[in-house]
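Here are my notes for your first pass through this chain.

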Amino acid sequence: MFVIGLEEEFPLFTNPVIERSLTHEAREAFLSALVSEGRAEWMDKGHRKCLILWHRIQDWADILLQFAKDNGLEDSVVTIEEIRFGTESQGTGLDADILVGLFNNIVAFQFVSN
């Protein structure tokens, strides 16, 4: 997962070999397309920062459920810190705010799709 700011220099938006960069409008269009496909989400109302998910919310739900099954955690309560740093997660160190947001999105997605 990445957080990309529209105003920040990001390798995806710049090609130093030919000394060209995407315009602000092109960057926003690209990120908006990812958001509409469910592979990213805006982190603020002004659309200045975008969280790239790489997987759709449903895919993340499936990944997390499989992780729980593989590690015998399916009917267990675990904390965000255990997911981030526990032996079962192999110390992924994922950002806590991103994990909380991901879980909130999964809950909302499950609510809407049921």
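1. Start with the surface. The chain exposes about 7,800 Å², and carbon and sulfur atoms supply 57% of that area. Accessible areas here come from the Shrake-Rupley method with a 1.4 Å probe, and for residues only the protein chains shown count as cover. Of the 114 residues, 24% count as buried. Buried means under 20% relative accessible area, exposed means over 50%, and partly exposed is in between (1.4 Å probe, protein chains only).

2. Now a word on what you are looking at. This is a predicted model, where local features need pLDDT of at least 70 and side-chain atom pairs count only at pLDDT 80 or more, while totals for chains, interfaces and linings use all residues. Residues are numbered from 1 along each chain as its sequence is written, and side-chain values use heavy atoms, with hydrogens and water left out.

3. How confident is the predictor? pLDDT is its confidence in each residue, from 0 to 100. The chain averages a pLDDT of 80, and 86% of the residues score at least 70. Confidence is highest in helix 1, at a mean of 93, and lowest in helix 4 (residues 96-113), at 71.

4. Next, the overall layout. The chain has four helices and five strands, and along the sequence they follow the pattern β-β-β-α-β-β-α-α-α. Helices (H or I, at least four residues) and strands (E, at least two) are DSSP runs, numbered from the N terminus.

5. Three strands form an open sheet in the order 1-5-4, with antiparallel pairing. Strand 1 and strand 4 are the edge strands, each pairing on one side only. From one strand to the next, the twist averages 25 degrees. Two strands pair if DSSP finds at least two bridges between them.

6. Which residues face each other across strand 1 and strand 5? Strand 1 (residues 2-5) and strand 5 (residues 49-52) run antiparallel and are joined by four bridges. Phe2 has Ile52 as its bridge partner, and Gly5 has Lys49.

7. On to the other pair. Strand 4 (residues 40-42) pairs with strand 5 over three bridges, in the antiparallel sense. Trp42 stands opposite Cys50 in strand 5. The hairpin of strand 4 and strand 5 has six residues between the strands, and in it His47 takes a positive phi near 55 degrees.

8. Helix 1 lies across strand 1, strand 4 and strand 5, running at about 115 degrees to strand 4. Axes are lines fitted to C-alpha atoms, for helices over the stretch in contact, and angles run from 0 to 180 degrees between N-to-C directions. Contact means heavy atoms within 4.5 Å.

9. Is Arg27 buried or exposed? Arg27 sits in helix 1 (residues 24-36) and counts as buried because its relative accessibility is 6%. Leaving aside residues up to four places away in sequence, Arg27 touches Leu6, Glu7, Glu8, Glu9, Phe13, Thr14, Ser21 and Leu22. The side chain of Arg27 also reaches the backbone oxygen of Leu22 at 3.3 Å.

10. Compare Ala26, also found in helix 1. With a relative accessible area of 27%, Ala26 is partly exposed. The C-alpha atoms of Ala26 and Phe13 are separated by 9.0 Å, and these residues are 13 apart along the chain.

Note on methods
A polar contact is a pair of N or O atoms within 3.5 Å; within protein, one must be able to donate a hydrogen and the other to accept it, and residues adjacent in sequence count only if both atoms are side-chain atoms. pLDDT is the predictor's confidence in each residue, from 0 to 100.
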